[in-house]
Amino acid sequence: MNTSPENVISYCPKCGSDEFVFEGERSFLCGKCKFNFFINSAAAVAVLMVNDKGQLLLTKRAFEPQKGMLDLPGGFVDPGETVEEAAVREVKEELNLDVHHLRYLISQCNEYEYSGYTVYTTDLAFVAQVKSWDGMKVADDVAGYEWAGPGEIDYSKIGAESIKSIVRFWESELKKVQ
Ligand SMILES: [Zn+2]
């Protein structure tokens, strides 16, 4: 089933009218109240952290989509929040780690189905320094974690294509400096 917004949304979210028409590439217009609703990509962050052995920290997803697959720590940017603030917050929430010296790496687009609706995200990846690994604790919404050094990463275990691309880019950058 095609779960893109134009196939799923039937009524105006403001007035409830069924005269809610998908027009152009990414917006709806209500024929009754003139509400104009845009389909945008949501900003999300992914954070790459490396231990003193040069291994990358990968988390295991506890929930759908891609439950049980590997991921990078991160999540959606809240309204009113910068992407840097979101990166620091997500790592703290998921792993109880404090990060700093964030360096922007690359962005990737992602698209997935959630509750019968296609969600579009733009994943912004940062490399971050961990202040201290002491006190690292996995939150309830994370199933676990794994370490993998460059050359040891099993891409078939990573869920999202966007995350695979980010990790591949990180690995290729390391090769350049070696
Ligand atoms: Zn309306």
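Buried here means under 20% relative accessible area, a handy cut-off to keep in mind while touring this predicted model.

View 1. Welcome to helix H2, which runs through residues 83-95 and has 13 residues. From its first C-alpha to its last, H2 reaches 18 Å, close to the 18 Å expected at 1.5 Å a residue. Its buried residues are Ala 86, Ala 87, Arg 89, Glu 90, Val 91, Glu 94 and Leu 95. An α-helix has 3.6 residues a turn, so residues three or four places apart point the same way. Among the elements covering the buried residues of H2 are strands S4 (42-48), S5 (56-61), S7 (74-76), S8 (99-114) and S10 (142-148). Look just after H2 for Asn 96, which takes a positive phi of about 55°.

**View 2. A cluster of phenylalanine rings.** Ring pairs join Phe 20, Phe 22, Phe 28, Phe 35 and Phe 37 into a cluster. The count for the model comes to eight aromatic pairs. In one of them, the ring centres of Phe 20 and Phe 37 are 6.5 Å apart and the planes lie at 40°, so this pair is tilted. Phe 20 belongs to strand S1 (residues 20-23) and Phe 37 to strand S3 (residues 36-38), so the pair links distant parts of the chain, 17 residues apart.

**View 3. Around Phe 37.** Phe 37 is partly exposed, at 25% relative accessibility. Its ring also pairs with that of Phe 28: the centres are 6.2 Å apart and the planes at 45°, so this pair is tilted. Phe 28 is buried at 1% relative accessible area, and Phe 20 is buried at 7%.

**View 4. A charge over a ring.** Here the charged end of Arg 168 sits over the ring of Tyr 155, 4.4 Å from the ring centre.

Key:
Residues are numbered from 1 along each chain as its sequence is written. This is a predicted model: local features need pLDDT of at least 70, side-chain atom pairs count only at pLDDT 80 or more; totals for chains, interfaces and linings use all residues. Side-chain values use heavy atoms; hydrogens and water are left out. Helices (H or I, at least four residues) and strands (E, at least two) are DSSP runs, numbered from the N terminus. The expected span of a helix is 1.5 Å times one less than its number of residues. Buried means under 20% relative accessible area, exposed over 50%, partly exposed in between (1.4 Å probe, protein chains only). Contact means heavy atoms within 4.5 Å. Rings of Phe, Tyr and Trp (its six-membered ring) pair if their centres lie within 6.5 Å; planes under 30 degrees apart count as stacked, over 60 as edge-to-face and the rest as tilted. A charge sits over a ring if NZ of Lys or CZ of Arg is within 6 Å of the ring centre and within 35 degrees of the ring normal.
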